[in-house]
Amino acid sequence: MPSAWLQRWMPEPPARCAVCGAWPARPLCEGCAARFGQAAHRCRRCALPLPAGVETCGACLREPPPLEACLAAVSYAYPWSGLVARFKFSGQPGWAGEFARRMAAIPGCTEELAHADMLLPMPLAPRRLAQRGFNQALLLARALDRPRTQARLLLRLRETGSQTALDRQARQANVGGAFGLDPLRARELRGAAVLLVDDVMTSGASLHAAARAVREAGASRVAAVVLARTGEA
Ligand SMILES: [Zn+2]
Ligand SMILES: [Zn+2]
C-alpha cells in the first residue's frame, strides 16, 4: 500500500482499478467490469429493468415516451454512482472513455449509433458548465462518435432547479421549455435521426423535454443512450 502521503500526493494512481484496487488495470479492472457491469434486460422505451421476454413496460405502452428507444448500460448504484461522481465532480473527465465503452456495448447500441445522423449531448446550463469546466455528456458523446457529435445545436434555454425533490408531474413542469435548438442551425434537424447522450437518467423528464424540442425541429427519430439509469419511473 502506498503511504497516506503518497495517496494524497497521487490520489488517482492511473493503473489501479477504482473499485477493488487491483493493478495493473484500466480505470475499472476486467473482474469488476464483469461483476458490476452485467447488462440488465430493460424496457426499450424507458430503460427500466424488465423481466426477460418483455420488450416494453406497461407505463410506456400506456403513454409512449417521446424517445423511440432508450438504452442504459448500468443501474445507478454501487459502484457506478461513485464512479460517475468522480467523473463529474472530482475533475476526472478521463472516465469518459471507459464509460463510453460500456455504453457502446449495450445490446442495440451499435444499431442506434449506425442509424444516427448526429449525437446530441444533453446541454448544461451555462453557470453549471462554468462551475464544472466541462459537460460530461459532451465528453461521452465525443467518446462514442466524435465526428457526429454536435456540441452546440441543442441548447439549455434556462436553468432548472434540482429535480430530486419533485414528483413526476412537477419534474415535467420544471423542465418544460428548458431546451431549444440554435435557431441558426435548427434546420439541420429536419428529417435527421438523433441520438441524445447523457450520463445519468433519473425520471427521464429532461431527456423527454429535449426529445420533444428535437422533434418539433423536424427530427424523424429520437433515441437516447445513457450510462446509468436510476430505478425510478
Ligand atoms: Zn477491480
Ligand atoms: Zn418503459
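The four donor atoms around the zinc ion (ligand 1) subtend angles of 103 to 115 degrees, so the arrangement there is tetrahedral. For four tetrahedral donors, the ideal angle at a metal is 109.5 degrees. Keep in mind that this is a predicted model.

So who holds this zinc? The protein donors of the zinc ion (ligand 1) are the SG atoms of Cys17, Cys20, Cys29 and Cys32, lying 2.2 to 2.4 Å from the metal. Two of these cysteines come from separate bits of the fold: Cys20 sits in the loop between helix 1 (4-9) and helix 2, while Cys32 is in helix 2, so the pair ties together parts that are twelve residues apart in sequence.

Cys46 and Cys57 both lie in the loop between helix 2 (30-36) and helix 3 (58-62), so the pair ties together parts that are eleven residues apart in sequence.

| Site | Donor spacing in sequence |
|---|---|
| zinc ion (ligand 1) | C-x2-C-x8-C-x2-C |

Helix 4 (residues 80-89) and helix 5 (residues 95-104) pack at an angle of about 140 degrees, and their axes are 10 Å apart. That angle makes helix 4 oblique to helix 5, since the roughly antiparallel label is kept for angles over 145 degrees. As for handedness, the crossing of helix 4 and helix 5 is left-handed.

Which residues make the contact? On the helix 4 side they are Trp80, Leu83, Val84, Arg86 and Phe87, and on the helix 5 side Trp95, Ala96, Phe99 and Arg102. Sorted by class, the contact of helix 4 with helix 5 has seven nonpolar residues, two charged ones and no polar ones.

Finally, a stop at Ala186. This residue is found in the loop between strand 4 (179-181) and strand 5 (193-201). Setting aside neighbours within four places in sequence, Ala186 is in contact with Leu153, Leu181 and Ala217.

How values were computed:
Residues numbered from 1 in each chain as written. Chains lettered and ligands numbered in written order. Predicted model: local features only at pLDDT ≥ 70, side-chain atom pairs only at ≥ 80, totals over all residues. Heavy atoms only, no water. Axes fitted to C-alpha atoms, helices over the stretch in contact; angles between N-to-C directions. Helix = DSSP H or I, 4+ residues; strand = E, 2+ residues; numbered from the N terminus. Parallel < 35°, antiparallel > 145°, perpendicular 65-115°, else oblique. Left-handed = near helix turned anticlockwise from the far one by under 90°. Contact = heavy atoms within 4.5 Å. Nonpolar A, V, L, I, M, F, W, Y, C, P; charged D, E, K, R; others polar. Donors = N, O, S within 2.8 Å, 3.2 Å for Na, K, Ca; no water. Tetrahedral: all angles 85-135°; square planar, octahedral: opposite > 155°, others 65-115°.
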